[in-house]
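Please look at the structure before reading on.

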Amino acid sequence: MFPYRILDEVAHRPYPMPPRPWVMTQSWHDLLFAHWPVGAHVMQSRLPAGLELDLWDDQAWLGVVPFHMTNVAPRGVPAMPWLSAFPELNVRTYVSVAGRPGVYFFSLDAGNRLAVAAARALFNLPYFSAAMSVEEQNGWIVYDHRRTSDAPPAEWKAHYRPVGSVHSAETGSLEYFLTERYCLYTVGRSNRAKRLDIHHPRWPLQHAEADIAVNTMADAAGIRLPQAAPVLHFAKRQDVVAWLPVEASPNAG
C-alpha cells in the first residue's frame with residue numbers, strides 16, 4: 001500500500017511542490033548510496049550542453065545507487081506485482097539548472113523490460129535492461145547486476161548493510177548535498193534541458209558498510225573512479241511521487 005500521507009509532508013522541501021498533478025508513485029527499498037569524488041573537469045565533459053555541474057567544495061561526485069522498487073504505477077492505477085516491482089540501479093551526478101539543484105543520470109538499469117521501454121518513452125531517460133537479483137542474507141543485502149541491453153556493458157556485484165541509527169541529513173552537509181534532491185534533469189531531442197520533479201519525505205539515512213566485488217558502472221559511462229573508498233549511506237525505504245518532465249526554465253512550474 002502506498003502511503004499517500006507523504007503528500008502532506010512538505011516543510012522540509014527546499015522549494016514548493018509543482019502546481020501540476022503528479023503522475024506516478026514509487027517505493028524504493030534497501031537502497032545504497034555509494035559515492036566517489038571525481039574531478040569536476042572530467043565530470044563536466046560527460047554532461048550534455050545546458051547542464052551545469054553542481055559541486056561540493058569544488059568537487060564533483062558520482063553515485064552508484066542500487067535498490068529495488070514496489071508500487072511503481074501511474075496515478076489512479078493499482079500496482080501490479082508483475083509490473084510494479086523490480087530492481088533498479090542508477091549511476092548519477094549532480095547538476096543545477098536555473099538555480100535549482102538536481103540529479104543527472106548517466107544510466108538507469110532495471111530488471112523489467114516493460115518498465116525500461118515505458119520510462120524511455122515517457123521520460124526520455126537512459127534506461128537499460130539488466131539481469132538483476134536482490135536478496136537479504138543475515139542482515140546483508142546481496143545485489144547482483146549485469147546489463148543486457150545493447151549498450152556499454154556494466155556489472156555490479158556487492159553486498160551491503162546499514163550500521164548505526166536512522167537520521168536525517170543536516171542541511172548544508174555533504175550527505176544532504178548527495179541525497180536531498182527533488183528533481184532530475186535530462187536533455188531532450190531538441191537539446192533543451194527538461195526537469196522532472198519528485199517529492200518524498202526526508203531521507204531516513206543510516207551509515208553503511210559494503211563489500212563491492214565488481215563495479216564497472218562508471219566505466220560504462222566513460223568515467224574512471226578513484227581508488228578511495230566510497231562514501232556510503234543506506235535507506236530502508238523511501239516513498240516517492242513524480243511529475244512529467246517540463247522545460248527547465250526559471251518560470252516553469
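This is a predicted model: local features need pLDDT of at least 70, side-chain atom pairs count only at pLDDT 80 or more; totals for chains, interfaces and linings use all residues.

Residues are numbered from 1 along each chain as its sequence is written, and side-chain values use heavy atoms, with hydrogens and water left out.

A pocket is an open set of points on a 1 Å grid over the protein atoms alone, where a 1.4 Å probe fits, with protein on both sides within 12 Å along at least five of seven lines; lining residues have an atom within 4 Å of a point.

β11 (205-215) and α5 (217-220) each give at least two residues to the lining of the second largest pocket, and α5 has the largest share, three residues. In the largest pocket, M24, Q26, M69, F123 and Y127 are the closest to the centre among the 43 lining residues.

| Pocket | Volume | Lining |
|---|---|---|
| Largest | about 680 Å³ | 35 nonpolar, five polar, three charged |

Ala, Val, Leu, Ile, Met, Phe, Trp, Tyr, Cys and Pro count as nonpolar, Asp, Glu, Lys and Arg as charged, and the others, Gly among them, as polar.

A154 sits in the loop between β7 (140-147) and β8 (155-167). Helices (H or I, at least four residues) and strands (E, at least two) are DSSP runs, numbered from the N terminus. A154 counts as buried because its relative accessibility is 2%; buried means under 20% relative accessible area (1.4 Å probe, protein chains only). Beyond residues up to four places away in sequence, A154 touches H145, R146, R147, T216, M217 and A220, where contact means heavy atoms within 4.5 Å.

How values were computed: Buried means under 20% relative accessible area, exposed over 50%, partly exposed in between (1.4 Å probe, protein chains only). Grid points are joined across faces, edges and corners, and a volume is the space filled by probe spheres set on the points.
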